[in-house]
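Welcome, and please load the model in your viewer. We will go from stop to stop, selecting a few residues at a time and looking at what is there.

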Amino acid sequence: MFHKNNAKSIQRIMQQIHSFSELKFIFLVVLCSMTISPAAAYDPLDPNGNVSIRWDVMSWTTDGYVASVTINNLQLFRHFMSPGWTLGWTWAKKEIIWSMLGAQATEQGDCSKFKIAIPHSCKRNPSVVDLLPDAPFNQQFTNCCKGGVLASWGQDPTAAVAAFQISVGLSGRSNKTVKLPKNFTLLGPGPGYTCGPAKFVPSSHFLSADGRRKAQALMTWNVTCTYSKFLASKNPSCCVSFSSFYSTKIVPCPACACGCQSNNTCIMSNSTLLQKPGINTPRKDNTPLLQCTKHMCPVRVHWHLKLNYESYWRVKIAITNFNFRRNYSQWTLVVQHPNLNNVTQVFSFNYKSLLPYQAINDTGMFYGMKFFNDYLMEAGPYGNVQSEMLLQKDKSEFTLKQGWGFPRRVYFNGEECMLPPPDQYPFLPNSACLYSFGILKVAASALLILRWIW
């Protein structure tokens, strides 16, 4: 009887195991078959950041429509540097672009079938770029002509918007016949952005200049693009080094922090090649020319614990450019540290608290003062900017032990920088050393007193 019951128990357990295995297999199949949104991306310091592209059809034409396209950079600290943004898509039918204001298509394409009026672009997958600031007045449009440069929303919301007008033909001229463009792409200026599909949204409203009349778009659709650092580059583009007043040790950037490169792709700071004309001219493919370093990063951020007062402590921040072919305009530096909830004063930089999570104030953005240091020059004697910051202590949590005074995360121009390993942080002298130093100090004082007496 005992053996018979045991056999039944074992059989029942095996059936449960098989059932669990089947459930596990079904779960994996469902998980693998799920379609993940192409615009899915997440940044812990900017969880809601994205780029919103809105198309508003303002009027119908004989064979299409005229639309106003607005690009809103809703990212807190990631901006679009020169040479700026490039927006692309694929037409759903055989649409053409008759004309544009505030932007231009990079290629006209094959328009040979048109004999009288020649379209601006006949490409099935056009790429559009912003106009330069010196564009003729009759080609401009509201919020255009910045060379594709867009500030981050956290830095300057008024400069984080771009717009252009586009006249589309062969598209249909009603809400039922117009088909939405597809396969949107966004470069800013390099890769990293993924755009979701265009979706119909409630029509936009526009107020007249005097504010007494409200107009409405005939159709509106929206495209959302998000940034992923994994798509942008396989290696970081910046690194962080540390030092402190209580230690002679300077913790450098990790070796090959931004990828190991051969000496043929970098140049020494004292090389005679730097005197060659055009050495600092940027390439069309944005290929960098780096100064030879152990970390091989275009940018280094140095964090120095400078002073420790009774109620305050002071930090010095220095940003150095090691790229001979790139200047950084409207640069941003984002730091995460628990004591940023009590910043007393920042010298030489602008500072703004970022609140990605409303209950936690531990993230701040630094950026340059206009016409003073908002332009980080190329590598060389002027390729650095620096500032100091004074923070008030919270006696309940402030400490210099275990690297508490160093940042948790650092971003430069929206790219996360590589930090040194925690076990290499500058450490406080141990108590034995302090005790020995105190004894030596007392002994030296006693000898001086005895010598004075004699």
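Start by selecting Trp55, Tyr65, Trp89, Trp91, Phe184, Phe200 and Trp221: ring pairs link these residues into a cluster. Rings of Phe, Tyr and Trp (for Trp, its six-membered ring) pair if their centres lie within 6.5 Å; planes under 30 degrees apart count as stacked, over 60 as edge-to-face and the rest as tilted. By this rule the count comes to 22 aromatic pairs.

Before you click further, a word on how to read the stops. This is a predicted model, in which local features need pLDDT of at least 70 and side-chain atom pairs count only at pLDDT 80 or more, while totals for chains, interfaces and linings use all residues. Residues are numbered from 1 along each chain as its sequence is written, and side-chain values use heavy atoms, with hydrogens and water left out.

**Stop 1: a ring pair in the cluster**

Helices (H or I, at least four residues) and strands (E, at least two) are DSSP runs, numbered from the N terminus.

Buried here means under 20% relative accessible area, exposed over 50%, and partly exposed in between (1.4 Å probe, protein chains only).

**Stop 2: the sheet that holds this pair**

Now switch to a cartoon view and colour β5, β6, β3 and β8. They make an open sheet of 4 strands in the order β5-β6-β3-β8, with antiparallel pairing. Two strands pair if DSSP finds at least two bridges between them. Strands of a sheet pair through backbone hydrogen bonds, either parallel or antiparallel.

Which strands stand at the edges? β5 and β8 (182-187) do, each with a single partner strand, so one side of each is left without a neighbour in the sheet. The twist averages 20 degrees from one strand to the next; axes are lines fitted to C-alpha atoms, for helices over the stretch in contact, and angles run from 0 to 180 degrees between N-to-C directions.

Zoom in on β3 (residues 86-90) and β8: 4 bridges join these antiparallel strands. Select Thr86 and you will find that its bridge partner in β8 is Leu187.

**Stop 3: another tilted ring pair**

Next, select Trp313 and Phe398. Their ring centres lie 5.6 Å apart with the planes at 50 degrees, so this pair is tilted too. Trp313 sits in strand β19 (residues 312-321), and Phe398 is in the loop between β26 (384-392) and β27 (409-412), 85 residues apart. Trp313 is buried at 2% relative accessible area, and Phe398 is buried at 17%.

**Stop 4: a sheet of five strands**

Colour β23, β24, β21, β27 and β28. This open sheet of 5 strands has the order β23-β24-β21-β27-β28, with antiparallel pairing. Its edges are β23 (349-354) and β28, each with a single partner strand, so one side of each has no neighbour in the sheet. Between β27 and β28, which run antiparallel, there are 2 bridges. Select Phe412 to see it opposite Glu415 in β28.

**Stop 5: salt bridges**

Stay at β28 and select Lys229 and Glu416. Their salt bridge has its closest N and O atoms 2.8 Å apart; a salt bridge is a side-chain nitrogen of Lys or Arg within 4 Å of a carboxyl oxygen of Asp or Glu. Lys229 is in helix α2 (residues 229-232) and Glu416 in strand β28 (residues 415-416), 187 residues apart. Lys229 is partly exposed at 39%, as is Glu416 at 21%.

Then move to Arg54 and Asp56, whose closest N and O atoms are 2.8 Å apart in their salt bridge. Arg54 is partly exposed, at 23%, whereas Asp56 is buried, at 0%.

How many salt bridges does a search of the whole structure find? It finds 7.
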